[in-house]
Amino acid sequence: MTLSPEVRLPWRWAWLAPPLLLVAIMAGTAIGETAIPVETILKVLANQLWGADYAVDRIDAGIVWNYRLSRTLLAAGCGAGLALAGVVLQALLRNPLADPFLMGISAGASTGAVAVTIAGLGAGTLTLSLGAFAGAGLAFGLVVLLAHAAGSGTGGGRGAQAAGAIILAGIAGSQLFNALTAFIIARSASAEQARGIMFWLMGNLSGVRWDDVFLGVPAALGGLLVCLWYRQALDAFTFGADGAASLGIAVNRVRGVLIGAMALVTAVMVSMVGAIGFVGLVIPHAMRFLVGSRHTRLVPASALAGAVFLIGADILSRVLVPGQVLPIGVVTALIGAPAFAIILVRGTRTR
């Protein structure tokens, strides 16, 4: 399943993880159309968190606290959550191309979220996140059924043929739910709603508020804890479902818990920021190259790298076009597609 050789950074480098994440968060808060000094950011944080009374320009304080810091923290949570989902799906399916975007989970979550907000599905009883979760679960269920109908299973089946069947099923599911999303928008949305939804579907952090942070960051942390709890099971699944069972893993239960957890994490992220591609595909492969395939290292490394990557992509989305904020999904695709091509070519040459 690994597409590239491993460097295996030693554990003594692990202490760099917290400072790296902190630097990324500070950069995401400081960099934008209006540059804000780090000293000002620290004063705003002291005022807001500890009741200090530093003199800070009200506009700068509003930009830092109400706009940049919240979207930076949610970007970190989304990046970590999507990267973890990619790690889990690639391990369970034994397929290097598996990620929430290609497997239809993001598309299904988008459809569920749009059905709740635009079409009024649930008559007000469903929240946006619940609608997204229902759509994500439905999409992945459809992918599994299609893969089984093609003679495959989620355990790996007949090698390359099984892997191809799963990916083709994921592509079919993605196209179906993308079409359903477009139909709902065309049928039920006004012109203004349609413009907003289409921008959101490409990935948008512009409307992030602290309520989103308080939902998204705990969801990512919960996904990280689940993956760490089942890290040995994920190692076992890399040998296939039969191999995992022979090692004493309760295959169906563990697979259900992991896929359910990752579907929930993906649904929460999509419900807030839309579908963002390539994070769950590229980050796990890059981290396997750096730290190896053991999930004890791979899980935390992928979560950290996903967080830093999406913060960086958010910074670029704000500065690439002066006076305009690009959808973050556009930036991740511009970076992720060439990066994955490099990883793929390097892996092919080294085999």
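Helix α4 is largely enclosed by the rest of the structure, because 12 of its 13 residues are buried. The model is predicted. The protein has 14 helices and zero strands. Of its 351 residues, 50% count as buried.

**Helix α4**

- Helix α4 covers residues 105-117.
- From first C-alpha to last, α4 reaches 18 Å, close to the 18 Å expected at 1.5 Å a residue.
- The buried residues of α4 are I105, S106, A107, G108, A109, S110, T111, G112, A113, V114, A115 and V116.

- S110 lies in helix α4.
- S110 has a relative accessible area of 3%, under the 20% cut-off, and so is buried.
- Beyond its neighbours within four places in sequence, S110 is in contact with T181, L201, V270 and A275.
- A115 is also a residue of helix α4.
- The relative accessible area of A115 is 9%, so A115 too is buried.
- Setting aside neighbours within four places in sequence, A115 contacts G120, L121 and I184.
- A115 and G131 are 16 residues apart in sequence, and their C-alpha atoms are 7.4 Å apart in space.

**Helix α2**

- Helix α2 spans residues 38-50.
- It has 13 residues and reaches 17 Å from its first C-alpha to its last.
- That is close to the 18 Å expected at 1.5 Å a residue.
- T40, I41, V44, L45 and A46 are buried in α2.
- The cover over these buried residues includes α1 (17-30) and α3.
- Just after α2, G51 takes a positive phi of about 70°.

**Packing of α2 against α3**

- Two packed helices are described by the angle between their axes and the distance between the axes.
- Helix α3 covers residues 58-93.
- Helices α2 and α3 pack at an angle of about 80°, with their axes 10 Å apart.
- Angles of 65 to 115 degrees count as roughly perpendicular, and α2 and α3 are therefore roughly perpendicular to each other.
- On the α2 side, the contact is made by T40, I41, V44, L45, Q48 and L49.
- On the α3 side, the contact residues are D60, A61, V64, W65 and L69.
- The contact residues divide into eight nonpolar, two polar and one charged.
- T40, I41, V44 and L45 of α2 take part in this contact, and these four residues are buried.

**Helix α9 and D235**

- Helix α9 covers residues 231-237, and D235 is found in it.
- D235 counts as buried because its relative accessibility is 14%, with the cut-off for buried at under 20%.
- Not counting residues up to four places away in sequence, D235 touches S293, R294 and H295.

**Whole protein**

- From the N terminus on, the elements run α-α-α-α-α-α-α-α-α-α-α-α-α-α.
- Among contacts between residues at least 6 apart in sequence, 76% join residues at least 24 apart.
- The accessible surface comes to about 15900 Å².
- Carbon and sulfur atoms account for 68% of that surface.

Methods
Residues are numbered from 1 along each chain as its sequence is written. This is a predicted model: local features need pLDDT of at least 70, side-chain atom pairs count only at pLDDT 80 or more; totals for chains, interfaces and linings use all residues. Side-chain values use heavy atoms; hydrogens and water are left out. Axes are lines fitted to C-alpha atoms, for helices over the stretch in contact, and angles run from 0 to 180 degrees between N-to-C directions. Helices (H or I, at least four residues) and strands (E, at least two) are DSSP runs, numbered from the N terminus. Angles under 35 degrees count as roughly parallel, over 145 as roughly antiparallel, 65 to 115 as roughly perpendicular and the rest as oblique. Contact means heavy atoms within 4.5 Å. Ala, Val, Leu, Ile, Met, Phe, Trp, Tyr, Cys and Pro count as nonpolar, Asp, Glu, Lys and Arg as charged, and the others, Gly among them, as polar. Buried means under 20% relative accessible area, exposed over 50%, partly exposed in between (1.4 Å probe, protein chains only). Accessible areas come from the Shrake-Rupley method with a 1.4 Å probe; for residues, only the protein chains shown count as cover. The expected span of a helix is 1.5 Å times one less than its number of residues.
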